[in-house]
Amino acid sequence: MTDCQDWLTELTHAADRILKEDLAALQRLSELERLDRYEAIKRDEEELRWEFTKECNGFLTSSEEDRLRGELRLARLLLAASFHAEGEVPESIAGEFIEPELEAVVDFDRFKRFDTLDESQLEARIQRLDGEVTELLETYADSTVANIDTLLENPDVQQDVIDRLLDRYEQRRERVRQAVFLYAETHGLDTLGGDLALDDLDSDPDGPGGDHPTAASGGGRSAALAVDTKQSADAATAAQTADGDAVTAATARLFELDYVGRFETSLQEANTIELPDEQVSVPDGYWEGRCSRRDERDHMADLLDMDSDDVSAHPINPTARYTLTDSKFLGLATETRMVIEATVASHLRRYARDGLDATPADVDDLVAIVDDAVGSAAADSAAPYLLGIASPTGWTDRVVGHVRDADRGRTHYGHNVSVCLIDLQHGELIYDETDSLVTENADLFERAVEAEAVADCVETIRSRYLEGIGRETLLITAAVDETGYDRHIVRQAFSRLAADDAGEVFRIDDDVAFEFR
């Protein structure tokens, strides 16, 4: 076995060295050096696949072998991307990776600056509108970092390579998400250029009442950034007076990107899934080929009367569905054991018309989505179906009361569909606690809203400021500095306290503050 380990170390050495470098470091190598390393890693990959697995049969598990092969291919992808970033991939290796794979590496590499900034440095740069950071954030909505689901849905993408790419850049992806939310809280997305920007709500050349979005013109603003120049005056007023309850289209898009991304991370990292009668172990790589994704991008594009590629600053109600299966009939067929789905319920028509929404999702929104799930579940009548429905604007009291009433808790629909509601604005889960399928798997959705951190932050603020020193007003920047919680966690805690009637959220100068009652 020692010989096998030495052999394996030798086979992965060249790739390991490449994986430690960024594109700038690789580009400092000559073209010939990069091509030589590319071919060497390709030979290592073939030797691992054929000779090593034959001579050292059983030394690696199937998942370990797949992971190593993915890392070898990722190293080759980085080398190919170093050429792609310069404008052209050499003919000898062209065609081995498709354009979206190459562009994904370039996109992730552009955000490497965020790796070197700690929380306080990041916040300071955002507050002073640091040019480099702002410029990067302007490109976020159109980048692979934000739209990873589009890459994953591409049938021509090599899944093992993308899995390793996401592993490599997961921490960076989280840092960029955090930066975008910090910017949104500090300056508002309407002040940010690029594809996250919204046109001014008071730009209303044709007067109130228009229903159809139009492209922006003049001033160098792209049509992709337009948010209904015929918005109503009421929408503008709502944005200024809703005390943070109104959610802009761009913020709703950020909410859904963050929610679905975190849900998928939770599921991918889960070691077990709870079925009604048993706990099922989930091995590494299990979900590959067992997930599907969809969204309403085309519908939003129709509402906005623009190309579907230009709706990146608007919500599109993404859905991610994972299916737990068993083989049957000697592997010739599969049996569905459970379906786990995360989806978003944004009011697309209102976002397209007004550019914002302050209306919580109601029973009609809930029923429309649940009916679709019930129809899908009918095909697998014996399989439990766990459905997480998230709303950027929260849920009405009627829905919350309906769900939490112990005598008529109805988050369980039919005989196999169970529902967990997620309030993205306040970071809250709402479900029937008597439904074991939801309660035993709620952690899959809790990470998506960081519920535990928000709850802890609420208690910290209550004990330290409300019951302790009796402070009347608390700035979010002070709360971040003094409690150690991330800014977006404190902001959700403020919203939670406001919902509990402990005070209200308001803006003071360029900061967010909470006034205790």
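This short talk walks through one predicted protein model, from the whole chain down to a few single residues.

Residues are numbered from 1 along each chain as its sequence is written, and side-chain values use heavy atoms, with hydrogens and water left out.

Let me start with the chain as a whole. The protein chain holds 20 helices and 14 strands, where helices (H or I, at least four residues) and strands (E, at least two) are DSSP runs numbered from the N terminus. Of its 517 residues, 53% are buried; here buried means under 20% relative accessible area, exposed means over 50%, and partly exposed lies in between, with a 1.4 Å probe and protein chains only. If we take the contacts, meaning heavy atoms within 4.5 Å, between residues at least 6 apart in sequence, then 70% of them join residues at least 24 apart.

R173 counts as buried because its relative accessible area is 7%, and, leaving aside neighbours within four places in sequence, R173 is in contact with F108, V145, I148 and G261.

Next, please look at helix α3, residues 31-55. Its 25 residues reach 35 Å from the first C-alpha to the last, close to the 36 Å expected at 1.5 Å a residue, the expected span being 1.5 Å times one less than the number of residues. Where does α3 bend? The bend is at L48, by about 40°, taken as the angle between axes fitted to the seven residues ending there and the seven starting there. L48 is also one of the buried residues of α3, a list that includes R34, Y38, I41, D44, E45 and F52.

I turn now to strand β2, residues 272-274, which contains E274. E274 is buried, because its relative accessible area is 19%. Its side chain makes a polar contact with the side chain of Q279 at 2.5 Å; a polar contact is a pair of N or O atoms within 3.5 Å, where within protein one must be able to donate a hydrogen and the other to accept it, and residues adjacent in sequence count only if both atoms are side-chain atoms. Beyond four places in sequence, E274 is in contact with Q279, M338, L437, E440 and N441. M338 is 64 residues away from E274 in sequence, yet their C-alpha atoms are 9.6 Å apart in space.

T343 is found in strand β6, and its relative accessibility of 5% is why T343 counts as buried. The side chain of T343 makes a polar contact with the side chain of T319 (2.6 Å), and T343 also touches, among others, Y259, I369 and A390. A345 sits in the loop between β6 (333-344) and α13 (348-354), and its contacts include N317, I369 and A390. The C-alpha atoms of A345 and A390 are separated by 6.0 Å, although the two residues are 45 apart along the chain.

Is each of them buried or exposed? N317 is buried, at 6% relative accessibility, whereas D305 is exposed, at 67%. Neither is a glycine, and yet phi is positive in both, near 50° for N317 and about 60° for D305.

Notes
This is a predicted model: local features need pLDDT of at least 70, side-chain atom pairs count only at pLDDT 80 or more; totals for chains, interfaces and linings use all residues.
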